[in-house]
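Please keep the sequence and the structure in view while reading.

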Amino acid sequence: MKTEDYYESKLYMGSETFFSDEKFSQEEVETFIGTIQDDYDITIPVRVTPVTFVSGSDYKESGWEIAAINYPKVKATPSRIDEFMKHLAENLLSRFNQYTICVMDSEFITMFKGTKY
C-alpha cells in the first residue's frame, strides 16, 4: 500500500470554439491530452469529466473538468502537478481555440486567455 497527501488540480474548458458554433468531442480532447502527456518530462494522469456551464438564462455550454491528483504511483509534487496543468491549459487553449480556460489549485484560480482575441 502507498499513500500520499491529498492534492488535486483542475482545469475547466468549454466544448465550443470562440466566436463560432464549432464543437469538438471529448475523444478529440482526450487524444490531444495524451500527446501533451507523451511530450512532457513526467506523465501526470488526468481525469476528464463532462460538465455543463450555466451563466444566466441565455448561456449554457457543455465542456469538461480535467483533473490531476497526487497519484501515489507517479510521485509528482503538487508544484509539478500545477506546472503540468498550466502547461496543459495553454496547449488546450491554443489547439481548441478557447477564449478562456481556468486552472484551480488549492490556493488560486488562474484564468488563461487565448492570444488570438
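Predicted model: local features only at pLDDT ≥ 70, side-chain atom pairs only at ≥ 80, totals over all residues.

**The cavity and its lining**

The largest cavity is lined by Ile44, Pro45, Ile69, Asn70, Tyr71, Val74, Ala76 and Ile81. Seven of the lining residues are nonpolar, one is polar and none is charged. The space inside this cavity comes to about 30 Å³, and the structure holds one cavity of 30 Å³ or more. Rolling a probe the size of a water molecule over the atoms shows where such empty space is left.

**Ala76, a residue of the lining**

Is Ala76, a member of the cavity lining, buried or exposed? Ala76 counts as buried, because its relative accessibility is 7% and the limit for a buried residue is under 20%. Ala76 is found in the loop that runs between β3 (60-69) and α2 (78-95). Leaving aside residues up to four places away in sequence, Ala76 touches Ile42, Ile44, Asn70 and Ile81. Of these contacts, Ile44, Asn70 and Ile81 also belong to the cavity lining. Phe24 stands 52 residues from Ala76 along the chain, and the C-alpha atoms of the two are separated by 30 Å.

**The nonpolar core**

The largest nonpolar core contains 27 residues, and those that touch the most other members are Leu11, Met13, Val29, Ile66, Met85, Leu88 and Leu92. At least two residues of this core come from each of β1 (8-14), α1 (26-39), β3, α2 and β4 (100-104). The element that gives the most is α2, with seven residues.

**The largest pocket**

The largest pocket has a volume of about 310 Å³. Its lining consists of 15 residues, and nearest its centre lie Gly14, Tyr59, Glu61, Gln98 and Thr100. The strands β1 and β4 each supply at least two residues of this lining. By type, the lining divides into eight nonpolar, five polar and two charged residues.

**Salt bridges**

Side chains of opposite charge can pair when their charged atoms come close. The count for this structure is six salt bridges.

Arg47 counts as partly exposed, at 35% relative accessibility, while Glu65 counts as buried, at 12%. Both residues also take part in a network of salt bridges that links Glu8, Lys10, Arg47 and Glu65.

Glu83 and Arg80 are three residues apart in helix α2, so about one helical turn separates them. Glu83 is partly exposed, with a relative accessible area of 41%, and Arg80 is also partly exposed, with 22%.

Technical notes. Residues numbered from 1 in each chain as written. Heavy atoms only, no water. Helix = DSSP H or I, 4+ residues; strand = E, 2+ residues; numbered from the N terminus. Buried < 20%, exposed > 50% of the residue type's maximum accessible area, 1.4 Å probe, protein only. Contact = heavy atoms within 4.5 Å. 1 Å grid on protein atoms, 1.4 Å probe; cavity = no way out; pocket = protein on both sides within 12 Å on 5 of 7 lines; lining within 4 Å. Points joined across faces, edges and corners; volume = space filled by probe spheres on them. Nonpolar A, V, L, I, M, F, W, Y, C, P; charged D, E, K, R; others polar. Core = buried A, V, L, I, M, F, W, Y, C linked by side-chain atoms within 4.5 Å. Salt bridge = Lys/Arg side-chain N within 4 Å of Asp/Glu carboxyl O.
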